[in-house]
Amino acid sequence: MTTTTPAADSRALALAHYAARGVLEQVLARHGVTFQQQVALRAAVTADAPQTPDDLVAQVRSSLKSDTAGIRATIDELLAARLLVADGPHLCATDAGHDLLAAVGAETAPYTARIWGGIPADDLAAAGRVLALVTERANAELVTLTG
């Protein structure tokens with residue numbers, strides 16, 4: 001019996017995304033943080049320049065395609081938890097915010113190593129190129145749909 005490798009498609013991408021996200025969400029739950037909170041906090045931490053609330057909303061919206069009101073509520077939650085702090089017109093991660101991301105990163109590292117380990121570099125490069133193209137095309141279609 002011959003088995004064939006399934007072709008990459010939207011379903012395969014979604015299954016991989018949700019499986020990996022499920023692992024991350026289990027770790028985040030142990031820290032009392034949601035996926036969207038982690039994305040917003042990471043966007044604040046990794047930004048090249050200090051972010052205003054509007055900048056941060058735009059970054060998270062670009063990543064998650066979620067509604068602005070929900071993202072603003074998430075930012076408010078991060079401020080209330082003192083993971084972000086206002087510094088004039090900008091939002092900055094606190095030491096606790098940095099520590100949280102470091103702890104989550106350290107805790108997820110072994111899972112990440114097992115999930116991605118052993119995949120040949122050429123396969124990862126090809127997958128990266130395909131995923132970048134799919135992202136670019138899907139973003140363009142979303143612009144068309146949302147006007």
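Visitor: By class, what lines the second largest pocket?
Guide: Its lining has two nonpolar, three polar and two charged residues. Here Ala, Val, Leu, Ile, Met, Phe, Trp, Tyr, Cys and Pro count as nonpolar, Asp, Glu, Lys and Arg as charged, and the others, Gly among them, as polar. A pocket is an open set of points on a 1 Å grid over the protein atoms alone, where a 1.4 Å probe fits, with protein on both sides within 12 Å along at least five of seven lines; lining residues have an atom within 4 Å of a point.

Visitor: Which residues line the second largest pocket?
Guide: Arg61, Ser62, Lys65, Asn139, Leu142, Val143 and Thr146. H6 gives the largest share, four residues.

Visitor: What should I know about the model?
Guide: It's predicted: local features need pLDDT of at least 70, side-chain atom pairs count only at pLDDT 80 or more, and totals for chains, interfaces and linings use all residues. Residues are numbered from 1 along each chain as its sequence is written, and side-chain values use heavy atoms, with hydrogens and water left out.

Visitor: Which helix gives the most to the lining of the largest pocket?
Guide: H6, with 12 residues.

Note on methods
Helix = DSSP H or I, 4+ residues; strand = E, 2+ residues; numbered from the N terminus.
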